[in-house]
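Hi everyone, thanks for coming. Today I'd like to walk you through one structure, from the overall picture to a few individual residues. Let me put it on the screen.

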Amino acid sequence: MAVLTIATQAFPDQRPGTSGLRKKVSVFQQPHYLENFVQSIFEAIPDRKGKTLVLGGDGRFFNREAVQIILRMAAANGWGKVMVGRGGLFSTPAVSAVIRAHHAHGGIILSASHNPAGPHHDFGIKYNISNGGPAPEKITDAIWASSKSIQSYQILDTADVDLDHDGAFQLGDMTVEICNPVWDYAELMARIFDFEALRRLFNGNFRMRFDAMHAITGPYALEILENQLGAAAGTVVNGIPLTDFGGGHPDPNLVYAKSLADYLFGEEAPDFGAASDGDGDRNMILGRQFFVTPSDSLAVLAANATHIPGYHGGLKGVARSMPTSQAVDVVAQKLGIPHYETPTGWKFFGNLLDAGKITFCGEESFGTGSDHVREKDGLWAVLAWLSVIAATGKSVAEIVTRHWQEFGRHYYTRHDYEGIPASAGEEIMATLTAQLPVLAGQTLAGRIVQTADDFAYTDPIDGSISSHQGLRLLFSDGARLVFRLSGTGTEGATLRIYHEHLEQDAARQQLDPQRVLRELIALGKDLTRIEKLTGRKAPTVIT
Ligand code: VG1
Ligand code: CO
């Protein structure tokens, strides 16, 4: 089998975003587009020769074709072995688990996460390093640099391989191993959680629904919840991954997982409901007639971690992304453990996890996880909640309400304006940035602005600096208003405005967040002049 060197021309738009390169499928289908980016990844990993790579994706349209191309390129670029999930499938947290379990050098994940899938929608690709986590900026910058100067790529001249049967075979000098995508992950979960206790929970009256939204978590949830833990057949719905995710938008929130939310808020509601996103790293947690915000979920799990065998010894520390509410900080202070604030994106937790500074971390965008892998992990969060329910015997609503009484309630909401013109997004951020110096000290929305800044982060482990990570108004009463542009969209710009206010008084902890936060919401709209610049009167998504 000959290695072909194919001449190519650089594409100017291959800069990785918050989570890898995400584009429309049609962009990836252009001749050489995927190949250029894959070669650029390999150039950024010069010590790859003879090493093991893990490869798989969320099953969306173009997943299989991309796996075939990447296998041929990996064989031509000196990799020793590639472990592929059967059918070319792997969830994001499973890739992280497999990299770690098999001491692989890295992994390639094919996914655009919660973005819709199909020929007219999105595809994505990202590289994870040997700790199992997303490549840090040093590497993504090197990938981007390569993509701008690439002139050729290497690919093995050979036919497609069989992805659907477990086993190993040679592709040129490289070994391909097709494996069960669920196996290592399920085994890791069984080591962290008390599966016996969870089986007892499901043996009793406890009922739940897990909505896999026709995306990758279906096979994982079926195996773990129904087969291993004995949850009733039918607990997992929409459990078969489809290339177009059934035409849906697998983003686990109240808007896109509406049928699950309706069920949990309806007459026939079970005790517990959860959903995951396209690639299985996000989670939404619902109780009967009760929605848990992701920021609260992180705080509650941190406060209850010792109920889970994997964390019996307590937490070393916790971290949250900057826009995530400060609920977990309050828990950390009470527990007497450190807490960290990082920029948006899981890659910023990697160093803290590797250095043993933190055990749990999370983001407001329905991401929660721990040091068991280096990605956020949807099913892990579900099992963690089930463990807390099993150990305390309390309902989700009781657990969260008591948490608020003890720690205060951080009212929180994020308003997204999706698909606004890129120029409007840039203008909003530039104008706001220019205003920051005069905002400090003013009284706005009935509160005094203590600090108004452009968030920059210095990694405490390697000292690397990441600037322009979001604009913040920090008020003297602890409230916050944060503005960011999304780094994962594929059309125009998405403005995200995050609002937060702490309520200590238990008598005022059962109100509607949109009402409690209305002054901050109005202020955010005013400061961005969103309606004037885009004609948008209201956000497209509220979480
Ligand atoms: C969004 C979220 C961020 C998350 C990222 C990747 O990024 O806000 O918290 O880490 O998606 O998640 P952005 O730049 O669009 O705000 V996933 O599940 O899409 O890999
Ligand atoms: Co995701």
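**Ligand, domains, cores and a few residues**

Let's begin at the ligand. By class, the shell around ligand 1 is made up of one nonpolar, 12 polar and five charged residues. That shell counts 18 residues, and the closest are Thr18, Ser113, Ser486, Gly487 and Thr488. Please keep in mind that what you are looking at is a predicted model.

Now let me step back to the whole protein. There are 18 helices and 27 strands to find your way through. How does the radius of gyration fit a compact globule? For 543 residues a compact globule would come out near 24 Å, and the protein has 23 Å, so the two agree. Buried residues make up 53% of the 543. As for the contacts with a separation of 6 or more, 74% of them join residues 24 or more positions apart.

Next, the domains. The protein is divided into domain 1 (3–181), domain 2 (185–407) and domain 3 (409–542). Between domain 1 and domain 2, the C-alpha centres lie 28 Å apart. Their contact takes 29 residues from domain 1 and 31 residues from domain 2. Which element gives the largest share of the domain 1 side? That is helix 4, residues 92–101, with six residues. Sorted by class, this side of domain 1 has 13 nonpolar, 13 polar and three charged residues.

The largest nonpolar core has 127 residues, and Val82 and Ala302 are the ones that touch the most other members. Helix 13 provides the largest share of this core, 10 residues. The core also draws at least three residues from each of domain 1 and domain 2. If you zoom in on Val82 and leave aside neighbours within four places in sequence, you will find it in contact with Leu53, Leu55, Leu71, Ala74, Met174 and Val176. There is a second, separate core as well, with 28 residues, including Tyr412, Ile420, Met429 and Ala445.

Let me stay with one element for a moment, helix 8, which runs over residues 217–228. Its buried residues are Thr217, Gly218, Pro219, Tyr220, Ala221, Leu222, Ile224 and Leu225. What covers them? The cover includes helix 6 (183–192), strand 10 (208–211), strand 11 (236–237), strand 12 (272–276) and helix 13 (378–392). Just after helix 8 comes Gly230, with a positive phi of about 75°.

That brings me to backbone angles. Most residues other than glycine have a negative phi. Met213, in the loop between strand 10 and helix 8, has a positive phi, near 55°. Is Met213 buried or exposed? Met213 is buried, because 29 other C-beta atoms lie within 10 Å. Phe366 is another residue other than glycine with a positive phi, in this case near 70°. You will find Phe366 in the loop between strand 17 (360–363) and strand 18 (367–370). Phe366 has 26 other C-beta atoms within 10 Å, so Phe366 is buried too.

With 17 C-beta neighbours inside 10 Å, Val237 counts as partly exposed, because being buried takes 20 or more. Not counting residues up to four places away in sequence, Val237 touches Arg209 and Asp211.

Where does His403 fall, buried or exposed? His403 has 20 C-beta neighbours inside 10 Å and therefore counts as buried, since the cut-off is 20 or more. Leaving aside neighbours within four places in sequence, His403 is in contact with Ala299, Val300 and Ala303. Of these, Val300 is 103 residues from His403 in sequence, and the two are 6.8 Å apart in space, C-alpha to C-alpha.

Definitions and conventions: Residues numbered from 1 in each chain as written. Chains lettered and ligands numbered in written order. Predicted model: local features only at pLDDT ≥ 70, side-chain atom pairs only at ≥ 80, totals over all residues. Helix = DSSP H or I, 4+ residues; strand = E, 2+ residues; numbered from the N terminus. Rg over C-alpha atoms; globule rule 2.2 N^0.38 Å. Buried ≥ 20, exposed ≤ 12 C-beta atoms within 10 Å, placed from the backbone. Contact = placed C-beta atoms within 7 Å. Near = placed C-beta within 6 Å. Nonpolar A, V, L, I, M, F, W, Y, C, P; charged D, E, K, R; others polar. Domains from an automatic or database assignment. Core = buried A, V, L, I, M, F, W, Y, C linked by C-beta atoms within 7 Å.
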